[in-house]
Amino acid sequence: MKIAVIQGPNLNMLGVREKNVYGPMTLEQIHEQMKSSAAQNGIELEFFQSNLEGEIVDKIQECLGEVQGIIINPAAYTHTSIAIRDALAAVALPTVEVHISNIYKREEFRQKSITAASSTGVIAGFGPFGYHMALIALTQICTEIKAIEEAQKNQAK
Ligand code: DQA
């Protein structure tokens, strides 16, 4: 099973940017932790970070046929990007949207996620641990989908 982890603008600055909001961990450290817990469950992770909306849209499109699920933190594009929302809807893969901070208790402009409607579910406010939670959730969803597909295949025989 392969999962894409897509990180939006300024998340490459984790560990430096607004530590009081996002904590001290770097993106690399978060990804290392994810990699080791994924490996224990035989899951392959592909990491991607971009500060550019179009590159994120391209990456989401490339996920089709390549991965079974997406973990995405669209960062500031969460609140603005119809293009990312549409790309997620187009590929229609199981998707978990993650926010390190609790966007619902921050500035008003952060309290609306445009992209969330194209996700299976959203995790917000648990710090970097949210990525780990997303991995558990997505693994479960993908396992269930696989089981259903196999049952359908067996029925058709
Ligand atoms: C964020 C929340 C967004 O509002 C913000 O623009 C980010 C990070 C989060 O993970 O809490 O860059 O997505």
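How far is an N or O atom in the side chain of H79 from an oxygen atom of the ligand? In this predicted model, the distance between the H79 side-chain atom and the ligand oxygen is 2.7 Å. Side chains of R17 and R110 also place a polar atom by a ligand oxygen, at the distances in the table.

| Residue | Ligand atom | Distance |
|---|---|---|
| R17 | oxygen | 3.1 Å |
| H79 | oxygen | 2.7 Å |
| R110 | oxygen | 2.9 Å |

On its own the ligand has 320 Å² of accessible area, and the protein covers 99% of it.

**Helix α4**

Helix α4 spans residues 82-91, and its buried residues are I84, A87, L88 and V91. Viewed down the helix axis, these buried residues lie within an arc of 95°, so they line one face of α4. Their cover includes helix α3 (53-62) together with the strands β3 (69-73) and β4 (95-99). The exposed residues I82 and A90 sit on the face of α4 turned away from the buried side.

Both ends of the helix have a local feature to report. At the start of α4, a side-chain oxygen of S81 comes to within 3.5 Å of the backbone nitrogen of A83. Just after α4, A92 has a positive phi of about 50°.

Note on methods
Residues numbered from 1 in each chain as written. Predicted model: local features only at pLDDT ≥ 70, side-chain atom pairs only at ≥ 80, totals over all residues. Heavy atoms only, no water. Polar contact = N/O pair within 3.5 Å; in protein donor to acceptor, adjacent residues only side chain to side chain. Areas by Shrake-Rupley, 256 points an atom, 1.4 Å probe, with all protein chains shown as cover. Buried < 20%, exposed > 50% of the residue type's maximum accessible area, 1.4 Å probe, protein only. Helix = DSSP H or I, 4+ residues; strand = E, 2+ residues; numbered from the N terminus. Arc of directions from axis to C-beta. Contact = heavy atoms within 4.5 Å.
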